[in-house]
Amino acid sequence: MSVLGDIARVSPVELERLRTVSDAYGYLSDQVPTCDLDRYWDGLRFAMDAAGFPINPIGGEPYPDEGSTWGEGGPHTNSCALTSDQVRQVASLLAATPFTALTKHLTAGGTAGLYPANRNWASPVVHSCAAGYYRGLVEFFQEAAAAGQCTVFWAA
């Protein structure tokens with residue numbers, strides 16, 4: 001079974017409302033715009049951390065709270081959210097960071113125990129695929145920032 005990463009974007013009001021909804025995961029999966037990161041979420045997360053991103057778009061505070069997160073259960077998979085202010089900061093950082101600035105960090109991911117473990121993170125083919133997901137992430141955060149939205153990440 002694959003663990004696929006997704007990010008949803010919602011208004012700050014909707015983010016707070018969903019904290020008390022029993023199926024927030026279902027709602028975020030099906031009813032709002034999402035960014036599919038497929039199996040590249042952990043490699044991108046690692047590369048952005050290694051590059052020193054002060055706020056990683058594939059991260060945030062546990063959502064809806066520490067005891068009620070959802071996800072696959074492995075490292076870095078549980079649901080977490082970024083505020084609209086954090087989304088604006090991330091959008092600026094992503095727009096200013098070409099994917100080529102991350103490739104050396106992605107290559108180093110091969111020794112970091114990233115998901116999936118059988119991926120050759122140094123492969124040009126993997127870099128090409130990851131670059132496509134990164135472009136989608138950049139666009140997604142530009143749209144979220146322009147709309148004043150928050151984000152929720154999870155991998156399941």
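Visitor: What should I know about the model and its numbering?
Guide: The model is predicted: local features need pLDDT of at least 70, side-chain atom pairs count only at pLDDT 80 or more, and totals for chains, interfaces and linings use all residues. Residues are numbered from 1 along each chain as its sequence is written, and side-chain values use heavy atoms, with hydrogens and water left out.

Visitor: How many salt bridges does a search of the whole structure find?
Guide: Side chains of opposite charge can pair when their charged atoms come close. Here the search finds seven salt bridges (a side-chain nitrogen of Lys or Arg within 4 Å of a carboxyl oxygen of Asp or Glu). One of them pairs R9 with E143, with the closest N and O atoms 3.1 Å apart.

Visitor: Which parts does the pair of R9 and E143 tie together?
Guide: R9 lies in strand β1 (residues 5-10) and E143 in helix α6 (residues 124-146), so the pair links parts 134 residues apart in sequence. Helices (H or I, at least four residues) and strands (E, at least two) are DSSP runs, numbered from the N terminus.

Visitor: Is R9 buried or exposed?
Guide: R9 counts as buried, at 13% relative accessibility, while E143 is partly exposed at 35%. Buried means under 20% relative accessible area, exposed over 50%, partly exposed in between (1.4 Å probe, protein chains only).

Visitor: What about D38 and R39?
Guide: Their side chains, D38 and R39, meet in a salt bridge at 3.2 Å, N to O. D38 is buried at 16%, and R39 is partly exposed at 28%.
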